[in-house]
Amino acid sequence: VSVSQKDSCLFAVPDTFFTLLTGAGMSTESNIPDFRSKEGWWRKIDPRTVATTQALEDHYDLFHEFYSRRINGLKKCSPHIGHEILAHWERRGFIQAISTQNVDGFHKTAGNMNVYELHGNIHDIRCKECHSVASEEQLLSKDSCIQCGGHLRPGVVLFGESLPENSWDASLFHIRKSDLVIVIGTSLEVYPASNLPQMTNGKTVYINTEISRNRIQFDLVIKGKAGEVLRKVDELL
Ligand code: NAD
Ligand code: APR
C-alpha cells in the first residue's frame, strides 16, 4: 500500500471537519466476512432467504440460524488496528462522526463515541411482534418473547426496512458539513447509504480492496486494506 505525503495532506488539513462512512470491509481484518467479495456472505447465501422482512415472516428457522451464526461468530472477533486508529483520531479531534453500515458495534468497542449505526446493531435483541427487549441468550436458545410469545430478532435493518431515522439524519448532517468524507470498506451497492458520499461539498476519499469502475467520482481512491492504509496514514499524521 503506498500512501504519499501529498495524499495524506487531505487528511491533516488543520481543523478539517471529517467524517467516515464504513462498511463490512472495515471488519474483515477482524475475521468477520463481508457480503459481496469472494468470501462474502451473499456468495454462499441468497440475502432474500435470510436478510429480508419476508424471510423473518416466512422462514424464521433460516433467519434465526443465520443471525445466531453471525452472533456466535462475533464472540471470537474483536476490533483491529484500523478501528483503534479511528478511535485515536477521534480523541485527537480529527473525526467528527462515523456512519457505519456494520452491525458488529466494533467502532464503539474500539472507543469511538460519535458513531451512527445506519443498519442497526446485531446485539440489540427484541421481539418482532411487541418490540420488547430480550437477551442474546434468549435469542440463541430460540426462546419466545416472554411478554407475548412472539419470535425474537436482532435489531439489524433488513432489506425492505427503513433505516433508523436518527442515524440517517445525523449522518446526513455530518456528511453535508464535512470538509472531507472518508469511505472505507463498502461496495456502495446498498441504498440509501450508498448515496451519502455524494451529498458532501467536501473532498472524498475511497479506501477499498476492490475498486470498481464507477469510483472515479472520488477525489482520492486508495486500493488497499483498511487496517494497512489507516496505519500508513496514521504514521504520516
Ligand atoms: P434493493 O431492493 O435495491 O436491493 C435488493 C438487492 O439488490 C440487495 O441484494 C441489494 O444489495 C442489491 N442492490 C441494491 N442496490 C443495488 C445496486 N445499485 N446495484 C446492484 N445491486 C444492488 O434495496 P435494498 O438494498 O433491499 O434496500 C431496500 C430498503 O432496505 C432500503 O430502504 C434500505 O434502507 C433498507 N436496507 C437495506 C439494507 C441492505 O442490506 N440492503 C440494509 C439496511 C437497510
Ligand atoms: N479493507 C478494505 N476494503 C475491504 C476489506 C479490507 N480489509 N475487505 C473487504 N473489503 C471491500 C470489499 O472488496 C467490498 O468492496 O469492502 C467491500 C465490502 O462490500 P460489501 O461486502 O458489499 O459490504 P457493505 O458495502 O458493507 O454492504 C452493505 O449490504 O447486505 C447488506 O446490510 C448489509 O450493511 C450491509 C450492506
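**Close-up views of a predicted model**

**View 1. Asn31 sits in a loop.** Let's start with Asn31, which is found in the loop that runs between strand S1 (18-22) and helix H2 (41-44). This model is predicted, so please read every view with that in mind. What is the phi angle of Asn31? Phi of this residue is near 65°, which is a positive value in a residue other than glycine.

**View 2. Ligand 1 and the residues around it.** Take a moment to find the residues around ligand 1: Arg36, His119, Val157, Leu158, Phe159, Gly160, Glu161, Leu163, Glu189, Val190, Tyr191 and Pro192. Sorted by class, this shell has seven nonpolar, two polar and three charged residues.

View 3. Glu161 takes part through its backbone, with an N or O atom 3.3 Å from an oxygen atom of ligand 1. On its own, ligand 1 has 740 Å² of accessible area, and the protein covers 56% of it.

View 4. The peptide bond that joins Tyr191 and Pro192 is cis, with omega about -5°. Where does Pro192 lie? Look in the loop between strand S7 (180-184) and strand S8 (203-208).

**View 5. Ligand 2 and its shell.** How many residues surround ligand 2? There are 22, and the closest are Phe35, Arg36, His119, Thr186 and Ser187. By class, the shell around ligand 2 divides into six nonpolar, eleven polar and five charged residues.

**View 6. Polar contacts of ligand 2.** A polar backbone atom of Phe35 is 2.7 Å from an oxygen atom of ligand 2. Arg36 uses its side chain, where an N or O atom is 2.7 Å from an oxygen atom of ligand 2. Asn208 also contributes a side-chain N or O atom, 2.9 Å from an oxygen atom of ligand 2. Taken alone, ligand 2 exposes 730 Å², and the protein buries 94% of that area.

**View 7. Helices H6 and H10 cross.** Two packed helices are described by the angle between their axes and the distance between the axes. Here, the axes of helix H6 (residues 81-91) and helix H10 (residues 226-236) come within 8 Å and cross at roughly 40°. H6 and H10 are therefore oblique to each other. What is the handedness of the crossing of H6 and H10? Their crossing is left-handed.

Note on methods: Residues numbered from 1 in each chain as written. Chains lettered and ligands numbered in written order. Predicted model: local features only at pLDDT ≥ 70, side-chain atom pairs only at ≥ 80, totals over all residues. Heavy atoms only, no water. Near = heavy atom within 4 Å. Polar contact = N/O pair within 3.5 Å; in protein donor to acceptor, adjacent residues only side chain to side chain. Areas by Shrake-Rupley, 256 points an atom, 1.4 Å probe, with all protein chains shown as cover. Nonpolar A, V, L, I, M, F, W, Y, C, P; charged D, E, K, R; others polar. Axes fitted to C-alpha atoms, helices over the stretch in contact; angles between N-to-C directions. Helix = DSSP H or I, 4+ residues; strand = E, 2+ residues; numbered from the N terminus. Parallel < 35°, antiparallel > 145°, perpendicular 65-115°, else oblique. Left-handed = near helix turned anticlockwise from the far one by under 90°.
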